[in-house]
Structure formats: C-alpha cells, structure tokens
Amino acid sequence: MSFIKLLDKLSNEEVLNAKTSRKDSFKKMKNFGKGAALASIPFGLAATSNKTKAATMNMASAAFQASPTDVLNFALTLEYLERNFYQMGLDTDGLIPEEDRDVFGLIAEHESDHVDFLVAALGDDAIAEPEFDFTGKGLNLDTFSNYATFMALAQGFEDTGVRAYKGQAGALIDNNDLLTYALQIHSIEARHASQVRRMRGEKGWITQNNNTLPDAFNAIYAGEENLTIGGFDLSSVDFSAVGGNDAVTKAFDEPLTMDEVNAIATNFIVTNDN
C-alpha cells in the first residue's frame, strides 16, 4: 500500500471514525465546550471579541490553568495555520512539483478535516480564523516562490504541531474522550512530520536539537536534547552501542508549552496591532 493510501486510511479511521461515528464525536466534543469548561475562563477573556481572541487566546492562557475550551482553541489556531499554509502552496502555480502534489494535497485535506472537527466541537466558542503572513513578517521568507523554503516551513509547522499537542496532554488528563480525540489528531500530525522530514532528506525523527531551518526557528527544536525522561537520567546508561545520547533523543519527543508555541506562531499570525 502506498504512503498516500495508508496515511489517508489511518487518518480517516483514527481521527474521524474511532469508537463512534463522526456525528457522535462532534456531539461529545461539544459537551466539553459548555458548562464547567466555560466557567473556568476568566471574565476578561470570555468577553473578548472573536476577532481579537485569535491573536490573544494563547498568551492569555499562560496566566491560568488551561480549560478544555482553551486547549481546543489553541489546537484550532495551529490547524488554521497549517490548513492555510498547505492550501496556499497548492494554489501557487509551479511551486510544488507534480510528484509531490498528491502528498501535500492529502496533508491539506487532513488539516481541513482537523479544522472542521475542532470548529464543530467548539461551536460558538470557536475562535475566528486569524490572518496569516507566511513570509514570517519581518523575516521576508520567499515561502511561495521557493520550494525549499516551503518545505522547510512545512517541516517546522508539523514538528511544532507534534510537540504542541503533546504539551497539552496534561490539561486534558481528566477528560478521557477529549484526550483520546486530541491524541488521534496528534498521531496524524506526527506522520505528517515524519513524511515531510524524509522528503527533505532528513530522518523521520529528531536528533538532539538539530535544526536545518533558519535560526529564527531554533525554538521549534529547543529542549529536544533532553536526556532526563520521567525523572530518570538516561545519560547515566551506556547507549554507546546504539548511538549514545543521540539515540536517546531520537527515542523521545519533548512537549512545548502554549507560550513556547505562541512564540513560534507569532512570526506568522497577523494581529490587530500590525
């Protein structure tokens, strides 16, 4: 089975059809966006208009324990970004080589499904879609005129998404269904990341905090050199036969906090101040 068919099959089964029908999943997810979840949002944030929520949601969340609604909107912002990025790439004549269009077309469909899923779950509480600038604002990236730049950003966005979903698992620990849905999306983002990395000639996993992207995006890989997992210092174990500390960092992905992800995404989100 080709990568495209396999990835599409896995995505449809895991994200949309696992345990219940898609309609039932939406209904269950909506229940998390109402009642107690909304009660935990501070008055100032709840009163913010949808237009400004998109730019301020994640920064404000850092000041308090994230509720399920906060986490879903955090994820939605990332999915909006990825959906727009891939669709704009596909719509740019001559950017993506013909042999790669099927892969990016499928990834774009997945991101669109993720957006639809989260918007349906959040209902009226879904943040408005931000405006994006994929030149990186002051970075002046040639994203849609240089395929190498487009590919580098695709890798950066996917690697960030994997670590971002992982970073919010703790906030969902008391909601088994919600945690399950988030992890179903997380696993697909990880497959995207691995595929794009290999298309760029890299390994499918991250080694240390190695970064082949512009220096402005070092934060995407910051902390991946960590050798202490679950309180156990793996540097004290002799892994020389399998690659030493490099092998340890390949075996574990590190989470990113909302603040850390926001610092990365800010380069591409146009706020009302711009």
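The model is predicted. Five salt bridges are counted, and the largest nonpolar core holds 56 residues. Helix H6 gives the most residues to that core.

**Salt bridge between glutamate 129 and arginine 83**

- Side chains of opposite charge can pair when their charged atoms come close.
- Glutamate 129 and arginine 83 form a salt bridge, with 2.9 Å between the closest N and O atoms.
- This pair links distant parts of the chain, 46 residues apart: glutamate 129 sits in the loop between helix H7 (98–122) and strand S1 (131–132), and arginine 83 sits in helix H6 (residues 68–91).

**Salt bridge between aspartate 159 and arginine 197**

- Aspartate 159 pairs with arginine 197 through their side chains, at an N to O distance of 2.8 Å.
- Helix H8 (residues 147–167) holds aspartate 159 and helix H9 (residues 176–199) holds arginine 197; the two residues are 38 residues apart and link distant parts of the chain.
- Aspartate 159 has a relative accessible area of 5%, so it is buried.
- Arginine 197 is at 4% relative accessibility and therefore counts as buried.
- Asp159 and Arg197 belong to a network of salt bridges that also takes in Arg200 and Glu202.

**Arginine 163 and its surroundings**

- Arginine 163 and glutamate 224 meet through their side chains in a salt bridge, at 3.4 Å from N to O.
- The partners are 61 residues apart and link distant parts of the chain, with arginine 163 in helix H8 and glutamate 224 in the loop between H9 and strand S2 (228–229).
- Arginine 163 counts as buried because its relative accessibility is 1%.
- Glutamate 224 is buried as well, with a relative accessible area of 1%.
- The 3.4 Å approach between the side chains of arginine 163 and glutamate 224 is also a polar contact.
- A polar atom of the arginine 163 side chain lies 2.6 Å from the backbone oxygen of isoleucine 220.
- Leaving out residues up to four places away in sequence, arginine 163 touches Ala219, Ile220, Tyr221, Ala222, Gly223, Glu224, Glu254, Pro255 and Leu256.

**Largest nonpolar core**

- In soluble globular proteins, nonpolar side chains tend to be buried together.
- Two or more core residues come from each of H6, H7, H8, H9 and helix H11 (258–265).
- H6 contributes eleven residues, the most to this core.
- Phenylalanine 268 touches Leu81, Glu131, Phe132, Asp133, Phe134, Gly136, Lys137, Leu141, Leu153, Phe157 and Phe217, with residues up to four places away in sequence not counted.

**Helix H6**

- H6 is largely enclosed by the rest of the structure, because 20 of its 24 residues are buried.
- The end C-alpha atoms of H6 are 34 Å apart, which agrees with the 34 Å that its 24 residues should span at 1.5 Å a residue.
- H6 also carries arginine 83, the partner of glutamate 129.

Methods
Residues numbered from 1 in each chain as written. Predicted model: local features only at pLDDT ≥ 70, side-chain atom pairs only at ≥ 80, totals over all residues. Heavy atoms only, no water. Salt bridge = Lys/Arg side-chain N within 4 Å of Asp/Glu carboxyl O. Helix = DSSP H or I, 4+ residues; strand = E, 2+ residues; numbered from the N terminus. Buried < 20%, exposed > 50% of the residue type's maximum accessible area, 1.4 Å probe, protein only. Polar contact = N/O pair within 3.5 Å; in protein donor to acceptor, adjacent residues only side chain to side chain. Contact = heavy atoms within 4.5 Å. Core = buried A, V, L, I, M, F, W, Y, C linked by side-chain atoms within 4.5 Å. Expected span 1.5 Å × (residues − 1).
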